[in-house]
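Please keep the sequence and the model open while reading.

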Amino acid sequence: MPYNCVCLIKQVPDTKKISGQAMNDDGTVNRAALPAIFNPEDLNALETALQIKERYGGTVTAITMGLPSAADILRESLYRGADDAILVTDRKCAASDTLATSYIISCAVKKLDYDIVLCGRQAIDGDTAQVGPQLAEKLGITPITYMEELQELANGRITVRRAIENGWQKVRTKLPVLLTVTDEANEPRVPAAKFIMKYKNAMAPIEVEKAIRNDNTALDEQAVKQLIEDEIRVLEEKNLLIKQWDLGFLEADINWCGRSGSPTKVHRIQSVVLTAKGSKEVEPTESGVSDMVHELIKEKTIA
Amino acid sequence: MISVNRQGEVWVFAEQNEGKLADTPLELMSKARKLADKLGVKLAAVLMGDQVSELAERLVQYGADKVYLIEHHLLEHYQANTYAKTLHDLIHKYEPQVVLCGATINGRDLAPRVASSVKAGLTADCTDLQIGDHEVKATKEVHKNLLFQVRPAFGGNIIATIINYDRWPQMATVREGVMPMPEPDVSRKGQIVEEKATLTKEDLLVEILDQHTRPKKVDLKAARVIVAGGAGVGSKDNFRVIWDLANALGAAPAATRAAVDLGFIDKDHQVGQTGTTVRPSLYIAAGVSGAIQHQAGMSDSQKIIAINNDPDAPIFQIAHYKICGDLNDIVPKMIKAIKERI
Ligand SMILES: Cc1cc2nc3c(=O)[nH]c(=O)nc-3n(C[C@H](O)[C@H](O)[C@H](O)COP(=O)(O)OP(=O)(O)OC[C@H]3O[C@@H](n4cnc5c(N)ncnc54)[C@H](O)[C@@H]3O)c2cc1C
């Protein structure tokens, strides 16, 4: 029996490569200052979806909410075997916290036909692990978080092993389900050459527009618009168009999106500087070390 | 969503598994007690399960004024749906101003689901909680006595203070070990409030077919002295020097994530943002660079000894004793000195 999988992915700043100027004064992230990558555990979610497709048939749709540049990870998903890619992008999405984000994404997922929704356990920029469970609540479907292994999929039921504190449990539930997938679950595949060939020109309308405007600064607005329209139609015919949805298309209630839809606000941001009060250099010699040990015993730090 | 309710209580979700209270809610009690006192409201623990009433007294001893006790056979095992539904209903009934949860796997499963259905804000993995005022810059409006939810963000590179002034309750999860465990006071008295859960079998969305837990290989949180080795130790074989020093001191052996990833030692020993948070009397770091994510788990140690052959290693910035040299030379000298003295 085929299953339709919807996989939620996020483009994140590579927090391992963080540099000093990554924050704006208002406490938001200056994403431009950091390399942007495919959130690692979302690759595990995508891999799970692709394995389901290979085994049982069905489709894999990758969705992301983000800036136009997030089309990069949608292409990355197509290169790995996803069938369809959707970019949810809108200025009014800006400053969404997890509650607003899960609301917006729920509006998008509701437009799709799905059996299984997959997310990475958490994203490395916020490490909150909140959007998955919140999305499941908004879709009214069963969440299974911290999935470590997909064990069985049969008769409309799914069995997985998930992490619990200091151990694991094996659980079964009826579809539809939302899974959040950990990096234990599998080894994500690398892009396949045949899909790179097929999809290297896949683009979202906003990217098409930007490219055409850049290349045709001399043309008048009407002509530019025509070029954009034509190019989008060509891509669509070749099945190379990354779908692009805005909040209007999603019929989302603006009050629950962006800043107004986000109960959490930033009060303050501090960069981390930790320093010890009163420190000593210890000579790396037998007597230096011995004196230190003696001192620690005397003050009863070591018994 | 509930509106701002200044009389609302401070709540702690008292996670229990198999009839045993988890550590995190107990650790949270001391901080929650302070928050409630500052706000002049009651501190309540929310205890759910099947036949768990004997745990209620303990929550009082750890600082609760009140325990909401919800017993139901469908609450025997934690499940997102049944627990979230019950907590959701209780929040609507009593309108607490603050709801805190341990950032355990269950807490991180439950809290977002409840926040979503209640339409409240939630901050994950806080390392500190305080009460303070916030001025909205645009309107100059001042919101008094808010919950300041302090957490590392961006892979631990910054500390953000998050607030939530219009849609309550103010919800936060707190990582295990971040708050010190309070001493129970057996003479404390509190009120036990029994509540009913309205659940049917249809609410049990998931079947638990099998479950397996094992005790942690090491109890880092309880250790007075910790000896941590990093990637600089070089190999699993050479990690012996860390075990030897730990043995000489009666200390617990620990490691950085890099050392764990290299297979030098089991993940149970990892200290840091994605490992255990510790606050021992003495923390010895050998061959540890002192990445911010590692510091997040150990910078509250009372004394820190750093052994590193790179004089610019960041660990030296927070060390009380800085030993610049090769750990393979220094650690044996330490073991020798300890054996001579003790
Ligand atoms: C989201 C996220 C979460 C993370 N969570 C954690 C976490 O929970 N815990 C954690 O520890 N890390 C965590 N990390 C990883 C962290 O960023 C560092 O990579 C890691 O702590 C480095 O470990 P290390 O100090 O052992 O290795 P390194 O940074 O490689 O340092 C090795 C050190 O050993 C020294 N050295 C080498 N040889 C010798 C010698 N012979 N004698 C003395 N010194 C020597 C070197 O000078 C160097 O300073 C996390 C990272 C991210 C992005």
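A salt bridge is here a side-chain nitrogen of Lys or Arg within 4 Å of a carboxyl oxygen of Asp or Glu. By that rule the structure, which is a predicted model, holds 41 salt bridges over all chains. Local features need pLDDT of at least 70 and side-chain atom pairs count only at pLDDT 80 or more, whereas totals for chains, interfaces and linings use all residues. Residues are numbered from 1 along each chain as its sequence is written, chains are lettered from A and ligands numbered from 1 in the order in which they are written, and side-chain values use heavy atoms, with hydrogens and water left out.

**Salt bridges**

- Within chain A, A:Asp84 is paired with A:Lys243 in a salt bridge whose closest N and O atoms are 2.7 Å apart.
- This pair links distant parts of the chain, 159 residues apart, with A:Asp84 in strand β5 (residues 84-88) and A:Lys243 in strand β11 (residues 243-245) of chain A; strands (E, at least two residues) and helices (H or I, at least four) are DSSP runs, numbered from the N terminus.
- Across the interface of chain B and chain A the rule finds four salt bridges, and A:Arg157 forms a salt bridge with B:Glu207, with 3.4 Å between the closest N and O atoms.

**The contact between the chains**

- Counting heavy atoms within 4.5 Å as contact, the contact takes 82 residues from chain A and 77 residues from chain B.
- The area buried between the two chains is about 6900 Å², with 58% of it from carbon and sulfur atoms; buried area is the accessible area (1.4 Å probe) that two parts lose on being put together, summed over both.
- B:Ile105, B:Phe154 and B:Tyr321 supply 12% of the area that chain B buries against chain A, which is more than any other three residues.

**Enclosed space**

- A cavity is a set of points on a 1 Å grid over the protein atoms alone where a 1.4 Å probe fits but cannot get out, and its lining residues have an atom within 4 Å of a point.
- A search of the whole structure finds two cavities of 30 Å³ or more, where a volume is the space filled by probe spheres set on the points, which are joined across faces, edges and corners.
- The largest cavity holds about 160 Å³ of space, and of the 15 residues that line it, the closest to its centre are A:Pro143, B:Gln79, B:Ala80, B:Asp109 and B:Val206.
- Strand β7 of chain A gives the most to the lining of the largest cavity, with four residues.
- The lining of the largest cavity has eight nonpolar, five polar and two charged residues, where Ala, Val, Leu, Ile, Met, Phe, Trp, Tyr, Cys and Pro count as nonpolar, Asp, Glu, Lys and Arg as charged, and the others, Gly among them, as polar.
- The second largest cavity holds about 30 Å³ of space, and its lining has nine nonpolar, no polar and no charged residues, including A:Val293, A:Leu296, B:Met334 and B:Ile338.

**Backbone geometry**

- Most residues other than glycine have a negative phi, and most peptide bonds are trans.
- The peptide bond from A:Leu175 to A:Pro176 is cis, with omega near 0°, and A:Pro176 is found in the loop between β9 and β10 (177-181) of chain A.
- In chain B, the peptide bond from B:Trp168 to B:Pro169 is cis, with omega near 5°, and B:Pro169 has its place in the loop between β10 (158-163) and β11 (170-174).
- A:Asn239 has a positive phi, near 65°, and lies in the loop between α7 (221-237) and β11 of chain A.

Technical notes: On a 1 Å grid over the protein atoms alone, a cavity is a set of points where a 1.4 Å probe fits but cannot get out, and a pocket is an open set with protein on both sides within 12 Å along at least five of seven lines; lining residues have an atom within 4 Å of a point.
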